[in-house]
Amino acid sequence: MNADLERLIELEKVDREASRLTEEVASLPKRVAAIEEKLAEHKAAVEKAKAQIKSNETNRRQLETDIKGFQEKIAKYRSQSSSVKTNDEYRALMHEVEFAEKQISTCEDKILELMVALESEEKALKIADAELKTEATDVEKEKAEARVRTAEDEKLLAGLKAKRAELRSGINDSTLGHYDRVMRQRKSAIAEARDQKCMACFVMVRPQTWQEIRTNEQIVTCNSCGRILYYDPASEPAAPEPAKKKNKARAAEVEPEAETEAAPEATSTQ
Ligand SMILES: [Zn+2]
């Protein structure tokens, strides 16, 4: 094989792997940011659950204060009732007492509702807290993995960079220039030619060019996409099965019939 062609094939492999690694290195901080965002959501859920419990407590305390206020009013009305002059005044006071008692009862109902709600709010906090802890552990693990992966990728990239430089230094300048141009435009610069076609753009090559490609001794480019073409004998389709085999199979089907026909004759002679 042409030495430049061999190096170019290798160079393209190196370039592809390098760009894959570069993309991976770039994507890792994004992945970490995404998982940290998820962690922030869990933190917010815990804060929300805590705020709910706090507001529950505040509401209960307010209701208890309200109850105290109503109880004081009732005490005041009752003490006033002993000094009223008329029945109407007395009835009015008793009406006030009754109203305050109803208010107390409403407050007590609300407190009970809040106590019931508190149970589920505390349960929700417990769940959110546990999820946050799990998530925080996962995030640390993922971050550590991302750090390790980045370091590994960067080490591999350094190795590829050296290999790339070595390969490029051995390739003819104009060929290398062509490779770089096609690589920039098409993200791949080398293509296998099979069945007289460029396997990247699937355009046929001329018979004369095909013969040249098959030798792998020249740098041949695809007229359509510009990629440098090479030939891999391993991709050559297997030769079609000879027609003889088919005839043989047919003969095998016929043979038993011939035997069975012959058999009665054989027995009749005995
Ligand atoms: Zn092509």
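1. Helix crossing. α1 passes α2 in a left-handed crossing; a crossing is called left-handed if the near helix is turned anticlockwise from the far one by less than a right angle, and right-handed if clockwise. The axes of α1 and helix α2 (residues 87-169) come within 5 Å and cross at roughly 165 degrees. That makes α1 roughly antiparallel to α2. Angles over 145 degrees count as roughly antiparallel, under 35 as roughly parallel, 65 to 115 as roughly perpendicular and the rest as oblique. The axes are lines fitted to C-alpha atoms, for helices over the stretch in contact, and the angles run from 0 to 180 degrees between N-to-C directions.

2. Basis of this note. This is a predicted model, in which local features need pLDDT of at least 70 and side-chain atom pairs count only at pLDDT 80 or more, while totals for chains, interfaces and linings use all residues. Residues are numbered from 1 along each chain as its sequence is written.

3. Overall make-up. The protein has 5 helices and 4 strands. Helices (H or I, at least four residues) and strands (E, at least two) are DSSP runs, numbered from the N terminus. Read from that end, the order of the elements is α-α-α-β-β-α-β-β-α. Of the 270 residues in the protein, 10% are buried. Buried here requires 20 or more other C-beta atoms within 10 Å of the residue's own; 12 or fewer counts as exposed, anything in between as partly exposed, and the C-beta atoms are placed from the backbone. Among contacts with a separation of 6 or more, 72% join residues 24 or more positions apart. Two residues are in contact if their C-beta atoms, placed from the backbone, lie within 7 Å.

4. Two positions along the α1 helix. Ala49 lies in helix α1 and touches Glu121, Ala124, Leu125 and Ala128, not counting residues up to four places away in sequence. Ala49 and Leu125 are 76 residues apart along the chain, yet their C-alpha atoms are separated by 5.1 Å. Val25 is also placed in helix α1. With neighbours within four places in sequence left aside, Val25 is in contact with Thr150, Asp153 and Glu154. Val25 and Asp153 are 128 residues apart in sequence and 6.8 Å apart in space, C-alpha to C-alpha. Ala49 counts as partly exposed, with 19 C-beta neighbours inside 10 Å, and Val25 counts as partly exposed with 18.

5. The largest nonpolar core. A nonpolar core is a set of buried Ala, Val, Leu, Ile, Met, Phe, Trp, Tyr and Cys residues joined through C-beta atoms within 7 Å. The largest one has 21 residues, of which Leu8, Ile190, Ala191, Ala193, Cys198, Ile228 and Leu229 touch the most other members. Two or more residues come from each of α1 (3-81), α3 (173-186), β1 (190-194) and β4 (228-231). α1 gives the most, with 4 residues. At least three residues are drawn from each of domain 1 (3-169) and domain 2 (173-235); the domain bounds come from an automatic or database domain assignment.

6. Leu229 and Tyr179. Leaving out residues up to four places away in sequence, Leu229 touches Ala191, Ala193, Cys198, Ile213, Val220, Thr221 and Cys222. Tyr179 lies in helix α3 and is buried, with 26 other C-beta atoms within 10 Å. Beyond its neighbours within four places in sequence, Tyr179 is in contact with Leu8, Ala189 and Ile228. The C-alpha atoms of Tyr179 and Leu8 are 8.0 Å apart in space, and the two residues are 171 residues apart in sequence.

7. Backbone angles to check. Most residues other than glycine have a negative phi. Which phi does Gln196 have, positive or negative? Gln196 has a positive phi of about 70 degrees although it is not a glycine. Gln196 is found in the loop between β1 and β2 (197-198), and is partly exposed, with 14 other C-beta atoms within 10 Å. Asn216, also not a glycine, has a positive phi of about 55 degrees. Asn216 lies in the loop between α4 (207-215) and β3 (220-221) and counts as partly exposed, with 18 C-beta neighbours inside 10 Å.

8. Arg214. Arg214 is found in helix α4. Arg214 is partly exposed, with 15 other C-beta atoms within 10 Å. Arg214 and Gln196 are 18 residues apart in sequence, with 9.4 Å between them in space, C-alpha to C-alpha.
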